[in-house]
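Here's a quick briefing to read with the structure open beside you. Have a look, then work through the points below.

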Amino acid sequence: MLELITDTETEPTVNKTETQEYFVNMGPQHPSTHGVLRLLLTLDGEIVKKVEPHIGFIHRSIEKMCEKDSYQQIVHLTDRMDYLSCHINNEAVCLTVENGLQLEIPERVKVIRTIISELTRLASHQLWWGVMGMDLGAITSFLYGFRDRELITDIFEETCGARLTMNYNIPGGLMFDIHPNFQKRTKDFLKYFKEKLPEYDELLTGNIIFTERTKGIGILSHEDAISFGVTGPSGRASGFACDIRKKIPYSAYDRVEFKEIIYTEGDSFARYKVRIDEMWQSMYIIEQLIDNIPEGEIKAKTKAVIKLPPGEYYQRVETARGDLGVFIISDNKKSPYRVKFRSPGFSNLSALNTMSQGFKIADLVAIMSTLDLVIPDIDR
Amino acid sequence: MNNEELKNKISIFLSSAEFSEEGSQYLNVTVTPEHLFSLAEFLRNDEDLSFDYLFCLTGVDWITHFLVIYHLESVKYKHTIVLKAKITDRENPAVKTVSFIWKTAEFHEREVYDLFGIKFPEHPDLRRLLLDEDWVGYPLRKDYTDKANIVEL
């Protein structure tokens, strides 16, 4: 025993442990990937060296299917991309077709679309907030988020009969008029949620564990955000002013006041804060419109068979995740020649490798949840 | 810059560029695949143009030729342009990668390669993205047939 001690005294202890990089598969069934996403991680101990996303597990070839479908049918496929912003996706296709046909859309339709879009955004951010908390170990937030989102889906159910994949938009307008209760219920919800949203802050935003795990983690620089095309709240947290609602206003966004939330830190906490602040702005937008829904028709007259004039049509909208582009090439037939959906999640995911290098696996979970990925949106 | 100014600026750099505004809300510039990379670099790096945001990259099969379509926007100047590479070689379609100019192109080019079979020489990691590695054919080509999975209506 004594000999051993003298041995170590003569030879100073050096850490001789050799480390070797190794691979770990995260997903496709990992709960924090929020869907079927497989990440091939190259790790050095716990440190992430490289993240290689493998996608396509739920690729349904929506773009190919669109080439066989009529323009009315395409709308229904887009629900299944980013199912948390389904109404906004529908709206994007409808706007493309309406612009192509140069249809005059009734004011009533524009206002209702905007209100429901903002409700969709609220519901999406509520779900994100709940799931994000759960990813970091806070079960309560999950229950809170779903509790409040339930009230919005109830409003949707009363309006159009569906809670998730709504299909409320059709080219030219809306499928049916709003329910007589719609305005009252929406106002009741706003009143309720204005009291509840500060609770979100109390529960997570000021929580020391939460801030420690998000501040300074997963930094995305301003240049990288633009270069990777990271849009939506994730892009705006890096100081990239990419809100399509401000940049190229559509529907009724040109007549409402709201602030484009921009943070410059680019870390997970900034992405979190952008979404929390955006919820306030969404409520503010709805408040301005809910009492001012103009009377009138709920759809413009369209032909039963829609044929777009030959040409290329590109429409950009702001979903809860960012800049969604619908690119339709028409050759004057009843179905489009080519459709491309530029989904925000696809570009946002491509930045994951850059953002998570040098951080720990547990941080990767935080980074992914603040990116707010929806896998069907990426795979299409 | 408005479309006229953009046109002048680009035609000074590359006289063979073809312009079109017909049937599109943006200015379209069509070039051969050989010229694409140099023009893309010019559009990104020129101080008055500064097209730093590639918001969409996709392909289209016009049977006689392929188009690779790049939608570009300048965050600073807020102008938009559509760049198109016209590829007539159907057997071995290729256009040099722009993933070193806009990082988002890396994923988007893999998708175009996956679904159209257009190769992007010098791409850092050109593999299939959405489909399996052993998938035969390129589904978004117009001559693609798949008796098992596609139902003809």
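D372(A) is a buried residue, with 27 other C-beta atoms within 10 Å. You'll find D372(A) in the loop between helix 15 (361–371) and helix 16 (375–379) of chain A. Keep in mind that this is a predicted model.

**Loop residues with a positive phi**

- Most residues other than glycine have a negative phi.
- D372(A) isn't a glycine, yet its phi is positive, at about 60 degrees.
- S251(A) is another non-glycine residue with a positive phi, this one near 40 degrees.
- S251(A) sits in the loop between helix 11 (244–247) and helix 12 of chain A.
- Is S251(A) buried or exposed? S251(A) has 22 C-beta neighbours inside 10 Å, so it counts as buried.

**Helix 5 against helix 6**

- Two packed helices are described by the angle between their axes and the distance between the axes.
- Helix 5 (residues 107–135) and helix 6 (residues 139–160) of chain A pack at about 165 degrees, and their axes are 7 Å apart.
- Angles over 145 degrees count as roughly antiparallel, so helix 5 and helix 6 of chain A are roughly antiparallel to each other.
- The crossing of helix 5 and helix 6 of chain A is left-handed.
- On the helix 5 side of chain A, the contact includes L119(A), L122(A), W129(A) and M134(A), while the helix 6 side includes I139(A), F142(A), F146(A) and I152(A).
- Sorted by class, this contact of helix 5 with helix 6 of chain A has 13 nonpolar, six polar and two charged residues.

**More on helix 6**

- Which residues of helix 6 of chain A are buried? They are S141(A), Y144(A), G145(A), D148(A), R149(A), I152(A), I155(A), F156(A) and T159(A).
- Helix 5 and helix 7 (182–205) of chain A are included in what covers those buried residues of helix 6.

**Helix 7 against helix 12**

- Helix 7 of chain A and helix 12 (residues 268–290) of chain A cross at roughly 165 degrees, and their axes come within 11 Å.
- Helix 7 and helix 12 of chain A are therefore roughly antiparallel to each other, and their crossing is left-handed.
- Among the residues that meet are L190(A), F193(A) and Y200(A) from helix 7 of chain A, and M279(A), M283(A) and I286(A) from helix 12 of chain A.
- The contact of helix 7 with helix 12 of chain A divides into nine nonpolar, three polar and four charged residues.

**I74(A) in helix 3**

- I74(A) lies in helix 3 (residues 71–78) of chain A and counts as buried, with 25 C-beta neighbours inside 10 Å.
- Beyond its neighbours within four places in sequence, I74(A) is in contact with C66(A), D69(A), V93(A) and V339(A).
- V93(A) is 19 residues away from I74(A) along the chain, but their C-alpha atoms are separated by 7.7 Å.

**Where chain A touches chain B**

- The contact takes 26 residues from chain A and 23 residues from chain B.
- Strand 7 of chain A gives the most to its side, with four residues.
- By class, the side of chain A that touches chain B has eight nonpolar, nine polar and nine charged residues.

Terms used:
Residues numbered from 1 in each chain as written. Chains lettered and ligands numbered in written order. Predicted model: local features only at pLDDT ≥ 70, side-chain atom pairs only at ≥ 80, totals over all residues. Axes fitted to C-alpha atoms, helices over the stretch in contact; angles between N-to-C directions. Helix = DSSP H or I, 4+ residues; strand = E, 2+ residues; numbered from the N terminus. Parallel < 35°, antiparallel > 145°, perpendicular 65-115°, else oblique. Left-handed = near helix turned anticlockwise from the far one by under 90°. Contact = placed C-beta atoms within 7 Å. Nonpolar A, V, L, I, M, F, W, Y, C, P; charged D, E, K, R; others polar. Buried ≥ 20, exposed ≤ 12 C-beta atoms within 10 Å, placed from the backbone.
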